[in-house]
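Dear colleague,

Please find the structure we spoke of below, together with its sequence. I would be grateful if you kept it open while reading the notes that come after it.

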Amino acid sequence: MQDIAIARAVFRSRGLMIGLTLTLIFAGAALLSFAWTPFDVTKIDVASKLQPPSMLHWFGTDHFGRDIFSMIMVGARTSIAVALVAVGIGMGIGVPLGLTAAARRGSFLDEFIMRGNDLVFAFPSLLIAILITAIFGPSAVNAIIAIGIFNIPVFARVTRGAALSLWKLDYILAARVAGKGATRISAEHILPNVMNLLIVQGTIQFSMGILAEASLSYVGLGAQPPTPSWGRMLAESQTMISLAPHMAIFPGLAIVLTVLGLNLAGDGLRDLLDPKIRKAR
Amino acid sequence: MIRYTLKRLQSLIISLIVASIVIFAAIEIVPGDPASFMLGVNAQPDTVAALREQLGLDVPLYQRYLNWIGGMLTGDFGVSYTYRTPVSDIIGERLWISLPLALYALSLTVLVAFPVGILAASRRGSATDVTVMGATQLGVAIPNFWFAMLMVLVFAINLRWFSAGGFPGWDAGFWVALKALTLPAIALALPQASILARVMRSSLLDTLSEDYIRTCRAKGLTRKQALWRHALRNALIPVLTIVGLQFSFLLAGAIIIENVFFLPGLGRLVFQSISQRDLIVVESVVMMLVFAVIVVNFAVDLAYAWVDPRLRGRQ
Amino acid sequence: AGDVTVGLQLEPPHLDPTGAAAGAIDQVLYSNVFEGLTRFGPDGSVDPGLAESWEISEDGTEYTFHLHEGVTFHDGTDLTAEDVVFTLDRARAEESANAQKALFEGIESVEAVDSLTVKVTLSEPDGSFLFNMAWGDAVIVAPESIEDIKSNPIGTGAFKFSDWTQGDSIDLVKNPDYWGTPAALDTATFKFISDPSAAFAAVMAEDVDAFYSYPAPENLANFEADPRFRVLVGSTEGETILAMNNGAEPFNDPKVREAVAHAIDRSALIDGAMFGYGEPIGTHFAPHNPDYVDLTEQSNYDPERSKQLLEEAGYGDGFTTTLKLPPPSYARRGGEIIAAQLREVGIETEITNVEWAQWLENVFNGKDFGLTIVSHTEPMDIGIYARPDYYFQYDNPDFQQVIETLTATADPEGRSKLWQQAQQIIADDYVNGYLFQLPLMSVVKTGLEGIWADAPTQAVDLTAVHWAE
Amino acid sequence: MSLLDIRNLSLSIHGYPILRDVSLSIAPGEVMGVIGESGSGKSMTAFSVMQLLPDGARVSGEILLEDRNLLELNEPSLCRMRGRDIGMVFQEPMTALNPVKTIGDQVAETIRIHEPKTSRADALRRAQDALERCELPTDRFPLSRYPHELSGGQRQRVVIAMAIALQPKLLIADEPTTALDVTTQAQILTLLRRLVDEDGMGLMMITHDLAVVSDLADRITIMLNGEVVEAGDAKMLYRQMTHPYTKALFAASAHQPDRQEHLAEDTLLSVRNVVREYDTPRSGWFGKHGTFRAVKGVSFDLKRGESLGLVGESGCGKSTLTRAILGLEDVQAGEITLDDEPVFTHGNASRSVRRKMQVVFQDPYGSFNPRHKVGRLVTEPFHLLDNPPTGTARDAAIAEALTSVGLSPDDRNRYIHEFSGGQRQRIAIARALIIKPELIILDEAVSALDVSIRAQILDLLADLSAQFDLSYLFISHDLSVVRSITDRVLVMQAGEFVEQGETEQVFTTPQHPYTQKLLTAAPVLPAA
Ligand SMILES: Nc1ncnc2c1ncn2[C@@H]1O[C@H](COP(=O)(O)OP(=O)(O)OP(=O)(O)O)[C@@H](O)[C@H]1O
Ligand SMILES: Nc1ncnc2c1ncn2[C@@H]1O[C@H](COP(=O)(O)OP(=O)(O)OP(=O)(O)O)[C@@H](O)[C@H]1O
Ligand SMILES: [Mg+2]
Ligand SMILES: [Mg+2]
């Protein structure tokens, strides 16, 4: 019953539909690229460089004659992997921190966690990402760590905020009367009820992770060649923008559409999952 | 109010101290001996020793930290290892580009976002609202460096309205300098304005659904009057937080845009210094940017109190 | 009449050409602001400069220079023989910071004969003394302006220094009191743009009227097709090589090195990385040099042979190595292409993009690399192969012997033979992969005449630059 | 001639009918009480008059204010009418004022909106008059106060001052006292009555509590499901109710559950000199925090089988004491024992004691985790058992608990949002019953319910107490409820007990002035 209602709401919300479709397209392309791409993305064929889009090369070729469509497919893999793991790090560490802070609200630990969060927020994220990759060398792994670190306080804060309002509810009191401890309550009652919010936030952080990965790759600090990545494709296209505009346009569009898709999906999910908004309709 | 300010000030100072310790640790302790790190593995021992002395590495750790902090408090940031000039001079010079750029971009952001957000909120659900919000979704999704590239292609290369990059200096005249910052500021402002417009809209919608708006309407205020006289000021509270975050982002986050437009600003300075392993500069710039963020947050906190009287009274 | 803005990749650290090695200083100031007793012409010839004539003593150790009359420094003071004495004494002094002190080593004494005549005495004859005096490091400076020459350079040239916006540009203005043919331009601005895409945008937007040593070859076709621009392609001294770590497995095996050499398709590389600009080389020597031997056939593209060699060397299944790439696009792009070509014969590479500082630290000093790509821009530098501790660690006593003999040999014919012999040895040993000679590419606006195409020295001489009517 | 005349008003929102053929009229100087259960359309009627309906609302019929049909006015005319001709007061005083503007400005705004030529000073002076009429003297409540510096009752006065500043012909008050304490409620009601008398306004007084309007209203309209079911003169209506719903409403309001008296002498719960303090927030990182004493050394005994009431105004410490008894928080001094066993020892609550106690909370919506099914919700207290029943034993326990509160065993597979407020409260009781406790603490357990549902729950409680030999600690601010269900009562004020004794005795002959004040303030239904 409820599931059908939700499914209906999903279909009714145009933004969510568009968002999910775009996200699925790119996720699908990324998965498909493991098995098949129209061309081998590492194969260099200088003779057919800088070809405009054609029936053979749908998005044209780059300055090494590689097929841009294939590179975008494999690039999706890189972007999604980096952003996904970074979100995973943020959630994996941030959510427990937020739950703990909320469970021991007002305590020294809470204060400590929240001040620590503020502190991380005070550091300019892109700069620190550049610093990390500069000290430890540019690579996808370091990009993940750099992006992941800044996801931690975001999730900690969202979790704590939502958990705090849950802790005020009577059913938490009822669970305490039933003799359940803070950890058990956090796992059994708080976490499932903040999950909606975390999914929404996760989607948004995911899209921001994709942008961050693109930025880092653009300055050469992300995934290293020959692994294709959208940001580096843009960097490489820059001097050829008037020679072969397709080199700049397609990877750029890939980023825009993926981020757009995720954001639309995130917003749509929020509208769908947030009871306050749902009630107001 | 004074009490509130003092309390904020106290946490400002603590944040600064902790931040400085973290930065000091990350840059001076983590990579091992900074001097050998900066000079590379094959450096002559006497060169390393000389640099160690120049960097004041021959004293205990805490002493070094105190020296560093003390120096910064008196405006002495040390001497750059590559440029051999005082770091404060370099930063001062770069700041004259980064700061105006950040302020310019922030002004554009606010000037665009506020009207757009207010328009969308006051016509919630209308075609205008849907269009504007769709456009902001797009704005958020566009990587600013890509947008910058496209703008250079159109406005500098094809139309030749603007120069493609570089900064002639403020000596060249205010308008000339401002013109050189225009494309970068727009590139920076686009995603930020989109974000801010969305925040503005949703914050206004939240306040518009508050009970006191209903009270106002019952008093005989029109929808518009209620929005302008009552909702707007209350809606500003979350908006201010975002504006504060955005300013710090714009100050530090212009790294990539500075690269695209070839602006000799702070971001590029850090980028260069990192690749040249000029740790003294990196350390000082990072500290300065963090300082800026913390001070801006402080200012935002004070602005809260200005907007929201509930905070003034609280002890 | 007119103004010109010239784009350059690198910004000078300061403005004293006699005080640092940085080529960027000479690019901006040589011949424009500062002049020497002699000067280079666009083809590399040595012409009279501040000295309108000179006599050389019979034994070739005494040079008497006659200075032009009425030459003034930009601060209004006259150029006298005393200034020349000061300049040369300062350059060869013990505590001199001159980057090319070797140029002055042969000078025994310098004296002013009268206010416009200077006599230089050498310890022994030196056929290249006039050549040496044409270098940017030998320009004449005045004692009264030496104090802040680094920020306010005062010379005798056709242009006066006017302003430096650090991080952006340097402005020169025409010197109305110039002693020689006055500059055709009223002002000249050097704009520093290191990023290739920014350079492209600046040229296309006509922010600059010329870009000297343009960093992105892919745009040249664009510019050539555009009637607004002209492209000048000249020669440099840069041999671009795929350096191999001869001191470590597996590149200590000549068979492996030979295999690598045959795996590289130079024409695809030049086409892909340099968009067709650049002359293939088969050894470490500039092709425009008369002593150059074309050995490219010896390391022709032959992947089958390459695989066979690997088989023989015991690497039938291939191997994995590192490929470290410094920032210039010839290295970054060339690296990707070479990685793909090596993969064809079974050699896997892990590409690491490094900054120059890291390259110097890890590769050049630390010798921690398998492969790297770099352009050796010093003229006639094949001698580096005689240094076993040099980063690619080639250690061949025969070769070292050849270089030793070369230093001791004076007669041109004998030297020529030895140069050729040296080229052959390193080609036979496949020390490195020899890729191509780096070209000098400049873009100028149509109608702007007089920019040099080749680079006999690091200079953007604007004295003859003018706008066509 | 009537001031307001609503004729055949029908309203639908997004096609969903809300009001059907509502007709009512108010004469000048008359107080019209509009009564009905939650969701019956009272507020929508009021908003229809103000023409402040939500998006998607469609109205038909006529709303005549004097002679003008409000439904035919355009928006600018409506704006001129709102605030000048009709004033309105809302239920929730805490959020009805703009937090960032002073009360003076907010009251003056009513004046300046409608009389734009008035100078600010003039408007403020008139605002001051309005506030003084609403018993907010300027010397104690200067115009420069912000809303957060006032209590709920004071804020409600500001809202009223705003509404009457221009002496409108009609005032609509939508549950203006529901969120307030009984004593404050009484004051606000008196104030409203006085203003009506002074200005000759019409007042439309909306409430769900019959008793509230009993002294105030001249006429009464009773609504059910968007329809008017009965209307008429107040006194007449109380005497001769015609519609069955009205009768049911009256019966439920005055409902007395059937209870047998238990006269055990054995003490179950004993509270001795309990003190509970809270830390007030520190000022800054190093600042000292103060302490706030919420419960100031209270003592009482609860006998086995007894139903003990605890009354007091909001914030007097009732819930705090409850949490201490439940062993959820330690106390700073004193001792709490159940069956002679302390509930809290060495920083830990005793499981064996907790097994004998359960609780039912006020909010039927916030008491359950929305993600769990009823079966899982009601078995949560099994966590206290060392060997909780599993399999069929567990199923049987669930079935028994659900049946005993009047639900079906099959309901265990449903989610909580599928139940009404009253049903949810039954589930909460089932959850309390499932481990067969001896004491159930009911913290405002019926306060959020409509009267008819409340009556059912009270009956259920009386029933269960007899059936399972339960003791209750019944906490409420509603005196009539406490009176109907308890044997003994404790009266609490600011963390202390000011009076305790047999319920009837306390209610008929209160000793302490505070108790007396509470009792006089509490609205009572006239005997039918
Ligand atoms: N904005 C709205 N959109 C749609 N339906 C609404 C809206 N507001 C109220 N309703 C519905 O209108 C009906 C009447 O609501 P109304 O607020 O008038 O009830 P009420 O009698 O005032 O109840 P209460 O005592 O709880 O305030 C309810 O069924 C409610 O769900
Ligand atoms: N966690 C807490 N920290 C600080 N003070 C608190 C806390 N909980 C309650 N108080 C204060 O203790 C006093 C008593 O609160 P309590 O909730 O027990 O009142 P109550 O009688 O239950 O009121 P209500 O009828 O509104 O539920 C109040 O003044 C309240 O502000
Ligand atoms: Mg209502
Ligand atoms: Mg309570």
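The notes below take up two chain interfaces and then two ligand sites.

Please bear in mind throughout that this is a predicted model.

Interface of chain B and chain A

This contact draws 34 residues from chain B and 35 residues from chain A. Between them, chain B and chain A bury about 3,000 Å², and carbon and sulfur atoms account for 84% of that area. On the chain B side, Phe145(B), Trp146(B) and Met149(B) provide 19% of the area that chain B buries against chain A, more than any other three residues.

What polar links join these two chains? The count is one salt bridge between chain B and chain A, and three residue pairs are in polar contact across this interface, counting pairs with both residues at pLDDT 80 or more. The salt bridge brings together the side chains of Arg198(B) and Asp267(A), with 2.7 Å from N to O.

Several helices of chain B each supply at least two residues to the side that touches chain A, among them α6 (127-141), α7 (144-158) and α10 (223-253). The largest share, seven residues, comes from α1(B). By class, the side of chain B that touches chain A holds 29 nonpolar, four polar and one charged residue.

Interface of chain C and chain B

Here 23 residues of chain C meet 23 residues of chain B. The buried area is about 1,700 Å², with 56% given by carbon and sulfur atoms.

Two or more residues each are given to the side of chain C that touches chain B by β10 (187-192), α4 (196-204) and α10 (356-365) of chain C. Of these, α4(C) gives the largest share, with five residues. This side of chain C divides into nine nonpolar, six polar and eight charged residues.

Ligand 1

The shell around ligand 1 lies in chain D and includes Ile13(D), Glu37(D), Lys42(D), Pro54(D) and Glu175(D). An oxygen atom of ligand 1 is 3.2 Å from a backbone N or O atom of Ser40(D), and for a backbone N or O atom of Gly41(D) the distance to a ligand oxygen is 3.1 Å. Glu175(D) takes part through its side chain, where an N or O atom is 3.0 Å from an oxygen atom of ligand 1. Taken alone, ligand 1 exposes 630 Å², and the protein buries 61% of that.

Helix α1 (residues 42-50) of chain D gives the most to this shell, namely three residues. The shell is made up of four nonpolar, five polar and three charged residues.

Ligand 2

Around ligand 2 there are 13 residues, and Ser314(D), Gly315(D), Lys318(D), Ser319(D) and Thr320(D) are the closest. A polar side-chain atom of Tyr278(D) is 3.3 Å from a nitrogen atom of ligand 2. Backbone atoms approach oxygen atoms of the ligand at 3.2 Å in the case of Cys316(D) and at 3.0 Å in the case of Gly317(D). The protein covers 62% of the 640 Å² of accessible area that ligand 2 has on its own.

Both β12 (291-303) and α10 (318-325) of chain D supply at least two residues of the shell around ligand 2, and α10(D) gives the most, with four residues. The classes here are four nonpolar, five polar and four charged.

With kind regards

Notes. Residues numbered from 1 in each chain as written. Chains lettered and ligands numbered in written order. Predicted model: local features only at pLDDT ≥ 70, side-chain atom pairs only at ≥ 80, totals over all residues. Heavy atoms only, no water. Near = heavy atom within 4 Å. Polar contact = N/O pair within 3.5 Å; in protein donor to acceptor, adjacent residues only side chain to side chain. Areas by Shrake-Rupley, 256 points an atom, 1.4 Å probe, with all protein chains shown as cover. Nonpolar A, V, L, I, M, F, W, Y, C, P; charged D, E, K, R; others polar. Contact = heavy atoms within 4.5 Å. Buried area = accessible area lost by both parts, 1.4 Å probe. Salt bridge = Lys/Arg side-chain N within 4 Å of Asp/Glu carboxyl O.
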